Amino acid sequence: MTIVDEHVMHAPAAICLRVAADVEKWPEILPHYRWVRFHEQDGFGNGIVEMAAWRDFAGPLRYPTWWLSEMRTDPDEPAVHYTHVDGITQGMIVKWAFHPRTDGTTHVRLTHAWDGPAWPLVGGFAWRHVIAPHFVSFIARRTLAGVAAEAERRTMTTTAIAESRHD
């Protein structure tokens, strides 16, 4: 089963990709991320990365999530690809796809493809009815919004600097 979360970012695709692939900075810009660290790194946005986030519920109730992924950034596509290699979501395939639009914005499509945990009888049900909508998509929507805010902030800063040079 594949779930899709989408967001229009008011920033060029190259900046959106850069923020999305700069995962080590995510805890600084995304308050729901506990930590992100590379176990192995092969250039910018490539390697084995460990991520941990909070799934907030009503009031002070927070549930910790954690996963380990093989990450690959492709600026030519442009996209960021993940394959979860450890954690409850092991085997999940994730893709951040960046689609530049003629108005200077970027449509970002975030897909998570997985059949669910290897739990006899209940794994698929747990994925479709609990994990996908209430954990993966919930965290993905917050992450998309936070990456958009940072990409838009960087775009505004770059624009302001460029305009000040022309004055």
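Predicted model: local features only at pLDDT ≥ 70, side-chain atom pairs only at ≥ 80, totals over all residues.
Colleague: What should I keep in mind about the numbers?
Modeller: Local features need pLDDT of at least 70 and side-chain atom pairs count only at pLDDT 80 or more, while totals for chains, interfaces and linings use all residues. Residues are numbered from 1 along each chain as its sequence is written, and side-chain values use heavy atoms, with hydrogens and water left out.

Colleague: Why is Glu50 called buried?
Modeller: Buried means under 20% relative accessible area, exposed over 50%, partly exposed in between (1.4 Å probe, protein chains only). Glu50 has 10% relative accessibility, so it counts as buried.

Colleague: And why is Arg37 called partly exposed?
Modeller: Because Arg37 sits at 40% relative accessibility.

Colleague: What makes Glu50 and Arg37 a salt bridge?
Modeller: The term needs a side-chain nitrogen of Lys or Arg within 4 Å of a carboxyl oxygen of Asp or Glu. In Glu50 and Arg37 the closest N and O atoms are 3.2 Å apart, so the pair qualifies.

Colleague: How do you know that Arg153 and Glu150 are about one helical turn apart?
Modeller: They are three residues apart in helix α3, so about one turn separates them.

Colleague: Which other residue meets Glu150 in a salt bridge?
Modeller: Arg154, at 3.0 Å from N to O. Glu150 is buried because its relative accessibility is 11%, whereas Arg154 is partly exposed because its value is 24%.

How values were computed
Helix = DSSP H or I, 4+ residues; strand = E, 2+ residues; numbered from the N terminus.
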